[in-house]
Amino acid sequence: MPFKEITAEQAWILMQQGAILADIRDDQRFHYSHAKGAFHLTNQSFLQFEQQVDYDTPIIVSCYHGISSRNVATFLSEQGYDNLYSLIGGFEAWEKSSLPLETAYEQS
């Protein structure tokens with residue numbers, strides 16, 4: 001497998017050490033609420049992502065429930081990224097773990 005699966009708590013620790021959390025959920029859900037510091041990775045933002053993120057930077061992929069993130073982590077591996085993680089349980093697990101969030105209300 002080209003990536004490891006980790007818990008939300010493990011993801012938060014990695015983020016404190018410089019990992020990027022790539023949230024692949026749709027625009028509306030992402031803008032309503034997402035993990036603090038997350039990068040919104042979409043087809044439209046992929047070029048920006050490639051310009052900002054080094055190939056050896058740890059990347060944690062997060063989706064709704066931890067399923068789609070596996071496919072995207074595999075895709076990123078095929079693009080040359082080699083330090084990849086999939087968030088077990090996705091954003092739902094992040095919320096349940098009471099980890100820091102950014103919401104639409106705070107961004108106005």
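Visitor: How many helices and strands does the secondary structure of the protein come to?

Guide: Welcome! In this predicted model, there are six helices and seven strands. Read from the N terminus, the elements follow the order β-α-β-α-β-β-α-β-α-β-α-β-α.

Visitor: What makes cysteine 63 a residue to look up in UniProt?

Guide: An unreviewed UniProt entry places the feature "active site" at Cys63. Such annotations may be inferred rather than shown by experiment. In the model, cysteine 63 sits in the loop that runs between strand 5 (59–62) and helix 4 (68–78).

Visitor: Why is cysteine 63 called buried?

Guide: Buried means under 20% relative accessible area. Cysteine 63 has 2%, so the residue counts as buried.

Visitor: Which residues is cysteine 63 in contact with, leaving aside its neighbours within four places in sequence?

Guide: Contact means heavy atoms within 4.5 Å. By that cut-off, cysteine 63 has Ile24, Arg25, Ser68, Ser69, Gly90 and Phe91 as contacts.

Visitor: How do you know that the radius of gyration agrees with a compact globule?

Guide: For 108 residues, a compact globule would have a radius of gyration near 13 Å; the protein has 13 Å, so the two agree. The C-alpha atoms fill a box of roughly 35 × 25 × 25 Å along the principal axes, and 42% of the 108 residues count as buried.

Visitor: What percentage of contacts between residues at least 6 apart in sequence join residues at least 24 apart?

Guide: That share is 71% in this protein.

Notes. Residues numbered from 1 in each chain as written. Predicted model: local features only at pLDDT ≥ 70, side-chain atom pairs only at ≥ 80, totals over all residues. Heavy atoms only, no water. Helix = DSSP H or I, 4+ residues; strand = E, 2+ residues; numbered from the N terminus. Buried < 20%, exposed > 50% of the residue type's maximum accessible area, 1.4 Å probe, protein only. Rg over C-alpha atoms; globule rule 2.2 N^0.38 Å.
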